[in-house]
Every structure is written in structure tokens, then in C-alpha cells.
Amino acid sequence: MRDELLSSWLGRLAKANYCSVEELCGYLGLGQGRVPECASDLQTANWAMLCGAVQRSPDEIVSMALPDSIHHDVQYVSRHDFQYCPGCVAKSPDLVLRHWRLAWSMTCEICGQALEPKNPAKDVSRRLHARALRGAEVLKTAAAMTDLARLNRISLTLQVISVLKIGRLWSLTSGNKRERLMALAAVGIGTTRPLLGAAIILRGNDPAARELSRVFPEHREMIERIRGLSQDLGRPLPRLVETVHPTGHEAHGLCRPRVSESALQAARQAISELGADANRQALLMRADTIWKRSSGVKS
Ligand SMILES: [Zn+2]
């Protein structure tokens, strides 16, 4: 079947031939060990024997195997079935498709159904799901282009979440839906907005900052700076309505903030109103309106 995993195909061939998959592998010149899944598992294959028996070219057989991630340590390929497509499995019970084993796959490329994790989670918010989708896209692009700088950053993000016990190094291919979505979301934020991600994690969390400094001593200064920034995140948003009198004059007893501070407050207010993911132009326009109103600038 299209995009079928090599081990799935061999398993179904063995079943059709009334033998065990190990027996079939021996007969095909694949040795008696583990049923091959990754390209590296095929290094010892007897290609003449294999290609002759199954009537396929070496390229066709290698294309059914999982890719080897030899240049980096981000585990985006799983050796286990952490998810499956209910629709496709209902039609062919022993089927495993290759893309189901890749960390960024969320829907079945054959029938379009959402892939089902081994351990479904009930309370997954739409927001987490949306963030995970963005992370999946980042991961997919980095892997497709073998973008080592980005893959290193993803690896560092996974190390950080495992040090903080939010996830584990292999969470991207976890059968636990919540754990996997959290890791994918972390990858998205860790690569596109790393400072924000770190600041959110460290907000009011001194033990986490200490643990990170211990594990990453070379980044101690950076961690301390981010911890400083994260304190601003915890500050409640200023209630601008109170500082502006209906007539446009400032209320008594309140100091007018410096321009830079008031602009920052306006930006925060705009983000809280429209959401951090809002269109950049819309955010700027809203912040501008709020800032002009709060500082009494006539537009
Ligand atoms: Zn499917």
C-alpha cells in the first residue's frame, strides 16, 4: 500500500504466506534478527536475494524504510506505533504507514482522518492543539531541509523541558497525546519565540531557574537575564481606563508615565485584547490608539 512501512509490508507478506515474519526475513536474505524498519537496518541485506524474491528495486525497498537521523539527536522518528489511523486500520488491521511514525504527522495522508494516539487525552485545549500544529510544521521543515541550526535549537528545547520535567527527550513521539502536544508546542515557541517561551516557564519559578543554571552553566548569565524579564510578565496589566478621565484629562493623584513606559503598557494592553497571535499590523494599530489615548496625544 502507498507509504506502507517496510516492517508492516513484510508482516503482511508473511501472514499471506503462512509463516512467521522472522522466517520470511531469513528467506529474503534479511537475516534472522530484528525485522528491518530503518534504512540502516538494511545495511546487511542480501540485495540480490531480496530484490529477486519480492520483485522490487533497492530504491523502492529503501523508500519504505524510516529515515536515519544521523546528523542530530532530535528523535522525530519512532520505532514504535505511537499513533494510528482508525479508518485505515479498520480496513487493513495489520497496516502501519510510514508517516504515522513521524513526530509531526497529525492527520493520515491516505484518508485525511485525524491520527489517533495510543493514549488519548480528554482535556486538550484548542489553543494547545493550535500551538502543537505550529511546532509540528517547524519540526517538519527543519527535518526536511536538515537545518542543523534549527534542529540543535529543537534539541535544546527538548533538553530544557526534560530538565524542568514538563516533558522528556522522546516526548515528540510519545503515545500520550498531552505529552506529545506539549512537546510540539514547546518546539514551536522554542524556535520562533525562545525568549518568550523561557520567560513564561521561568515566571515566578525560581527553582526552575536554579535547575537550568545548574544543568546549563554556560548559559547562566542568559538565564538570569530572562528571569529578570519574566518578572515583568507577572506584573498585572495597568488599568488604563482609570488613568484617563472622560474629558481626556488625567485623574488626580496619578503620575503620567514616561513615554517609553506608556508605549510599553499600550503594547501589553493591545496584546491582551487581541491575543499574541493577532495580525501584527492590527496589534500595532490598536497599541497606537491606546497609547495616543493614554498619553493625551492628539491623532
Ligand atoms: Zn487513514
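This is a predicted model: local features need pLDDT of at least 70, side-chain atom pairs count only at pLDDT 80 or more; totals for chains, interfaces and linings use all residues.
**Entry 1: a residue at the surface**

I began with Gln55, which is exposed because its relative accessible area is 63%. Residues are numbered from 1 along each chain as its sequence is written, and side-chain values use heavy atoms, with hydrogens and water left out.

I located Gln55 in the loop between helix H3 (47-54) and helix H4 (58-62). Helices (H or I, at least four residues) and strands (E, at least two) are DSSP runs, numbered from the N terminus. Gln55 is not a glycine, yet I read a positive phi of about 55° for it. Most residues other than glycine have a negative phi.

I then looked up Lys165, which is not a glycine and has a positive phi of about 60°. Lys165 lies in the loop between H7 and H8, and it counts as exposed, at 72% relative accessibility.

**Entry 2: the whole protein**

I recorded 14 helices and two strands in the protein. Of its 299 residues, 36% are buried. The accessible surface comes to about 17800 Å², and carbon and sulfur atoms hold 55% of that; these areas come from the Shrake-Rupley method with a 1.4 Å probe, and for residues only the protein chains shown count as cover.

I also looked at contacts, meaning heavy atoms within 4.5 Å. Among the contacts with a separation of 6 or more, 59% are between residues 24 or more positions apart.

**Entry 3: the zinc ion**

Which residues are the protein donors of the zinc ion? I found Cys85, Cys88, Cys108 and Cys111, each through its SG atom, lying 2.3 Å from the ion. Donors are N, O and S atoms within 2.8 Å of the metal (3.2 Å for Na, K and Ca); water is not among the atoms, so sites may look incomplete.

The angles among the four donor atoms run from 95 to 119°, and the site is tetrahedral. For four donors, that label requires all angles to lie between 85 and 135 degrees. The ideal angle for four tetrahedral donors is 109.5 degrees.

In sequence I read the spacing of the donor residues as C-x2-C-x19-C-x2-C.

Is Cys85 buried or exposed? Cys85 is buried, at 0% relative accessibility. Cys108 is also buried, with a relative accessible area of 3%, whereas Cys111 is partly exposed at 37%.

**Entry 4: disulfides**

I looked for disulfides, defined as pairs of cysteine sulfur atoms within 2.5 Å. The count is zero. For Cys19, the closest cysteine sulfur is in Cys25, 9.1 Å away, which is too far for a bond. Cys19 is partly exposed, at 25% relative accessibility.

**Entry 5: the nonpolar cores**

A nonpolar core is a set of buried Ala, Val, Leu, Ile, Met, Phe, Trp, Tyr and Cys residues joined through side-chain atoms within 4.5 Å. The largest has 37 residues, and those with the most contacts inside it include Val74, Tyr76, Trp100 and Leu139. Helix H6 (126-144), helix H7 (148-163) and helix H8 (177-192) each supply at least two residues of this core. H6 gives the largest share, seven residues.

Setting aside residues up to four places away in sequence, I listed what Val74 touches: Ser69, Leu139, Leu151, Ile154, Ser155, Leu158 and Leu172. I noted a second, separate core of 18 residues, with Ala14, Val35, Leu50 and Ile61 among them.

I found Ala183 in helix H8, and it is buried, with a relative accessible area of 1%. Beyond its neighbours within four places in sequence, Ala183 is in contact with Leu158, Ile161, Ser171 and Leu172. Ala183 and Gly167 are 16 residues apart along the chain, and their C-alpha atoms are separated by 6.5 Å.

I placed Gly228 in helix H11 (residues 220-234), where it counts as partly exposed at 32% relative accessibility. Gly228 and Leu202 are 26 residues apart in sequence and 9.3 Å apart in space, C-alpha to C-alpha.

Note on methods. Four donors count as tetrahedral if all angles lie between 85 and 135 degrees; four count as square planar and six as octahedral if opposite donors are over 155 degrees apart and all others between 65 and 115; anything else is irregular. Buried means under 20% relative accessible area, exposed over 50%, partly exposed in between (1.4 Å probe, protein chains only).
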